[in-house]
Amino acid sequence: MAVRATVSRFPIDPDAQEVSGVPWGVTVTPFASKDENGLPPVYGSDGHLLPRCENCYAYFNTYCELDQWAWNCSLCGTLNGLSSEAVTRYAHPQSCAEMTSSFIDLELPMEGSEEEMTQARPVYVAAVDLASSEEFLELTKSALQAALEALAPGSLFGLATFSHKIGLYDVQGPIPIVKNVFIPPDPEGSLPVELEDVMPLLHFLAPVETCKDRITSALETLRPTTSWERTPGAGQGLDGVLIGGRGFGVAMEALFNYLGSEYGNTFALARVFAFLSGPPDYGAGQLDTRRYGEQYASKGEDADRALLPEQTPFYKDLATVAVQAGVSVDIFAVTNEYTDLASLKFLSIESGGSLFFHSNTDDSTLPQDMYRMLSRPYAFNCILRLRTSSEFKPGHSYGHFFADPQYENVQHIICCDSFATYAYDFDFANTSGFSRHTSEQPMVQIAFQYTVVVPPEELSSPGSLRRGKHSLKRRLRIRTMQFGTAQNISELYNSVDPEAVLSLLVHKVILASLEQGVREGRVLLHDWLVILTAQYNEAFKLVRYNNGGGLMTGQIDNAFTQCPQLQDLPRLVFALLRNPLLRFHEEGVHPDYQIYLHCLFSALEPSSLHRAAYPVLMSYSTPDKQAYPRHSLSHAALITSGSPIFLLDAFTTLIVFYSSTADPSLPFPPPHDCLLRTTINRLKQERSISPKLIFIHGGQDDATAFENYLIEEQDVDGSGLTSVMGFVTFLEDITQGVLEYLK
């Protein structure tokens, strides 16, 4: 569980918080196997015996004062009695995880019988769009082949297709059998028959280890539905033009109901991979894609405000059905047409899944993404709870979870991998803030309860295997942290973590963009930097006033020269304003791509988000020797470095660029056994998605893809005109804003 605070020394009171201009909060990556310093938790058992505070329900931890028969809660100060069992246990402190570390992971007893625990097998279902192209299906087949390689023995796999009909495959016999059921075209219609009556679920879900070859054979039979095949089932226009054919909404709802019958019996979590090549346009859940086009120009509407919210609650409601059926949905959209991911995204993010978007099939990393996603461990049925000491409280929470309807500050996460990150901002509980004189420090405790599937153990006797018995383990992970308080503004500024600040800012501007439009999101970010710069200049007494109280110009420090911890922030804000996340529809940024970035950026841990917002540019003198670890993103940096080779890491893309003046004897592309390749492979391994790798030889290849990332000489409002003064002009603009603010 990695936790990063925006400031390691908290503001002393609400006035100090407001004057600082810095967001106050934390980011939490609960299922990360280590903390932010690379240390693992101390593992233990009997999590249900861990004492809890009678007042605030916080868990006992190493910061609590322990007497023989009682303990003081480190969060609220309440004195709590200890049971006789706890007294006996704590007489031998070294045997208890909670006595040796403030970061612990304890096993909990499972509810339900032992038999139910061992019957839970991992279930995966692929739902493939046949109202698509040959290229799309070839890519999907490659992705599913990669998935089959990654799935653990004992997993069950089902193959379904959808178009104007739903196809279910039985691959457990000698040859694959497909059974179809037609989808009614009516937007209010439902399937005439239950899928269980079309094919029993346990015929549909095949064991991977014995049926892999037959699943592969079934995949090879997939073909796009042709127009003549669609005509009888699909609606037709007046002059015979085909209308519709992608009944995604009905197919998903039917699959969830189908799987739900075995939830808690055959499986504890089923994952559905939905491969989509365009917008749902048939049956219930169809989307009107006509809202994307020129009509906003004529109506004078803000296209960004109109296209980013969902047009129907259908898929949000469907996510609830998925959760109740024990299903998590990952959507893989491979399409260059408007698909309205703004409406579809809820099906994935609210059921604990992910949204992947590829605009074409040519250079898509979909097979690598599938393999990577299924190879890493995940937890499910998770509950996340953040508690604080009594002087302050959690404010807004951000991330892909749903809030508990009954309990405050409790979040449910259906499926959580080791990269998934959530954020909270803090508010003071009252005006007095933290005491300057007591030894009591601000405390934060994060509890994460989760379930994992443990694969069959190779035991019994040598050479034998317990066949297909997966067991579930319920665990409780707790992290208790103590923070200092800043006695003055410079202490607070010197404790800033710029990457954690970036995380909270991104969550806030995404929320503003969705609620009030992209323009409002840009204004919020710009104004925040103006206010921070003004507060910093005032705090460090850099602002000069003349005798009449008027401001003397020319004194503003917009580069935070006296505070190294703040120096990255102007560049990060500039880069975010240049990012497609906050660009306008009329600039050619596709709304589906923007929604994909919303979903991606709001789940990234802070250092990954930093790369996605402001890419890392490093240089090499040869493929085996690094020259500089970091350059600013400008042509000037390239020229002054004098290095022949550059590696740019933009999180979703890695670019190796050889300058046009590079020595012709340097091998291009770099050899597989060199330092540069080792670095690339390491970066790929550490990533939640597979970055696209591009090699460019300057002077020979088109270098546009690389040069687009050199943003510091580009205009911030994206007029497309590059001027030598991009970032410099932006700082001058901030200075003008500061002068206006301080008047």
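User: What should I know about the model before I start?
Analyst: It is predicted: local features need pLDDT of at least 70, side-chain atom pairs count only at pLDDT 80 or more, and totals for chains, interfaces and linings use all residues. Residues are numbered from 1 along each chain as its sequence is written, and side-chain values use heavy atoms, with hydrogens and water left out.

User: What is the strand order in the open sheet?
Analyst: The order is β4-β8-β25-β24-β19-β22-β21, with mixed pairing. Strands are DSSP runs (E, at least two residues), as are helices (H or I, at least four), numbered from the N terminus. Two strands pair if DSSP finds at least two bridges between them.

User: Which strands stand at the edges?
Analyst: β4 (42-44) and β21 (402-403). Each has a single partner strand, so one side of each lacks a neighbour in the sheet.

User: How do β4 and β8 pair?
Analyst: In the parallel sense, over 3 bridges. G44 stands opposite L106 in β8.

User: New topic. Where is R4 found?
Analyst: In strand β1 (residues 2-5). Its side chain makes a polar contact with the side chain of E499 (2.8 Å). A polar contact is a pair of N or O atoms within 3.5 Å; within protein, one must be able to donate a hydrogen and the other to accept it, and residues adjacent in sequence count only if both atoms are side-chain atoms.

User: Which residues in α17 meet α21?
Analyst: E499, A500, L502, S503 and V506 meet P606, S607, L609, H610 and A613 in α21. Contact means heavy atoms within 4.5 Å.
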